[in-house]
Amino acid sequence: MALSRDEIREGLSDILEEVAGVNPDDVADGKSFTDDLDVDSLAMVEVVVAAEEKFGVKIPDDEVANLKTVGDAVSYIEKG
Amino acid sequence: MTEVVVTGLGATTPLGGDVASTWEALVAGRSGVHQLTHEWARELPCRIAAELAVEPSEVLPRVRLRRLDRSEQIALVAAQQAWDDAGLSDDLDKERLGVVFGSGIGGALTLLAQDDILEESGARKVSPFTVPMLMPNGPAAVVGLEFGAQAGVHAPTSACATSAEAISWAADMIRAGRADVVVAGGAEAVIGGLPMAGFSSMKAMSTRNDDPEHASRPWDRDRDGFVMGEGSGALILERREHAEARGAKIYAVVAGSGLTSDGYDIVQPDPECRGGGRAMAAAIRQAGIDPKDIGHVNAHATSTPVGDMAEVKGIKREVGDHVVLTATKSMTGHLLGGAGAVESIAAILAIAEGVIPPTINLENPDPALDLDVAANEARKVELNAALNTAFGFGGHNAALLFTKA
């Protein structure tokens, strides 16, 4: 069964906390990874690899550039 | 000539998580060497080492730890202590702030761990922080970033002479007018299967596995090699006028330093300690003092059969037969790239406190040892000047001469 947006966001929030120390309370669809959550490009690489593993999806490198906000990432993962 | 003084000290060692606890253990003659209980150590010829007394995870935030090699973590811990000890603050002119911080081997544990990930899980799983974690200039870069140093961040690598060389470069940087304040030191954290197996294959390490606390025994007849330790030492070096203007406390003066190379062998020490002796002579010459005024040498003495006695010859020739020696590696183990800085701190505190820490385990002195050693018990003595020596594989020699503030 496919995960809901809330479930994906929660999973993503766990990853962000683990690899980049992001406070889960700050994670919301409208938040920008770089501007709001202080996730720099190297940390983003770790987030992507962890998300691929957790959600069983492939996130190609040229797609990562389009994932600017938490909402972008949730939508991409939701599509599978 | 520009005078360079020491205004801050920091350390994390097998004896303590800071300078005060390390110094207390040194003076008390406590060993930091233990048996290794890790799975990876089970089949090694040497299964003893001096691991840190305080894990960096007790000091640094979790996410910070993830992105730093262990050597970088402890560099940061020691440097922050030294910075705070010196009473430095963020309003310092960063264009006049430098860093010289080295590591003998660098991020070897990161390299090995990430290679395991590459083999087992593929390239995509390799950490994006791998390169900044394993590069040998990592500790210097991390310390430089922490304090915003802009006068230059340098990373000498000369094996076990590394952090003594760093202090020498730092003093030169100030004398050359390139900086007012320099964070100097070194860090090493390579207690792991491959580095230990490599040193063991050279027959450089003690195999006194059933008696770890007595394994590091410089100048003792029954010494059989060094014991690996991990740790970091950091010193704040400062132009005297700059330190005085801000009312800083001054531990000691970096009166002279000498750097030479053996041109002899990649790993064997010159049995006459000619290169090491020339480093000592250069430090004494720069300081412009009479060798008779040097009351103490914190020697390199690693507990290896050849090196220990060669150094004694050099000290006798260049400093004289009046000095009191000690080898604090008998307690800390050999901190490799961190050794020179931690032992310089010990030499500086020996001057400041009037106490020379003991050389423990000196039960049966080598018959060729004909200099006075603070054997097994700390020695109270008034000191005006003390020398620290550090020699590294590759034939690198460093000598640092500290005088009373």
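Author: What follows is a set of questions and answers on the terms applied to this model.

This is a predicted model, in which local features need pLDDT of at least 70, side-chain atom pairs count only at pLDDT 80 or more, and totals for chains, interfaces and linings use all residues. Residues are numbered from 1 along each chain as its sequence is written, chains are lettered from A and ligands numbered from 1 in the order in which they are written, and side-chain values use heavy atoms, with hydrogens and water left out.

Reader: What makes the elements of chain A helices, and how many are there?

Author: Helices are DSSP runs of H or I with at least four residues, strands are runs of E with at least two, and both are numbered from the N terminus. By that rule chain A has four helices and zero strands. Their order from the N terminus is α-α-α-α.

Reader: How do you know whether the radius of gyration of chain A agrees with that of a compact globule?

Author: The radius is taken over C-alpha atoms, and the globule rule is 2.2 Å times the number of residues to the power 0.38. For 80 residues the rule gives a value near 12 Å; chain A has 11 Å, so the two agree. Along the principal axes, the C-alpha atoms of chain A fill a box of roughly 30 × 25 × 20 Å.

Reader: Why is S32(A) called buried?

Author: Buried means under 20% relative accessible area, exposed means over 50%, and partly exposed lies in between (1.4 Å probe, protein chains only). S32(A) has 13%, so S32(A) is buried. Of the 80 residues of chain A, 44% count as buried. S32(A) sits in the loop between α1 (5-20) and α2 (41-55) of chain A.

Reader: What does S32(A) touch, leaving out residues up to four places away in sequence?

Author: Contact means heavy atoms within 4.5 Å. On that basis S32(A) touches L37(A), K68(A) and T69(A). T69(A) is 37 residues away from S32(A) along the chain, yet their C-alpha atoms are separated by 4.2 Å.

Reader: Why is T13(B) called buried?

Author: T13(B) has 0% relative accessibility, so T13(B) counts as buried. T13(B) lies in the loop between β1 (4-12) and α1 (19-28) of chain B. Its contacts beyond four places in sequence include L52(B), E230(B) and V342(B).

Reader: What makes the link between T13(B) and T22(B) a polar contact?

Author: A polar contact is a pair of N or O atoms within 3.5 Å; within protein, one must be able to donate a hydrogen and the other to accept it, and residues adjacent in sequence count only if both atoms are side-chain atoms. The side chains of T13(B) and T22(B) are joined at 2.9 Å, so the distance falls within the limit.

Reader: Why is the pair D61(A) and R124(B) called a salt bridge?

Author: A salt bridge needs a side-chain nitrogen of Lys or Arg within 4 Å of a carboxyl oxygen of Asp or Glu. The closest N and O atoms of D61(A) and R124(B) are 3.3 Å apart, so the pair meets the rule. Six salt bridges are found across the interface of chain B and chain A.

Reader: How much area is buried between chain B and chain A?

Author: Buried area is the accessible area (1.4 Å probe) that two parts lose on being put together, summed over both. Here the area is about 1100 Å², and carbon and sulfur atoms give 45% of it. R66(B), R124(B) and P128(B) supply 51% of what chain B buries against chain A, more than any other three residues. In terms of contact, nine residues of chain B meet 15 residues of chain A.
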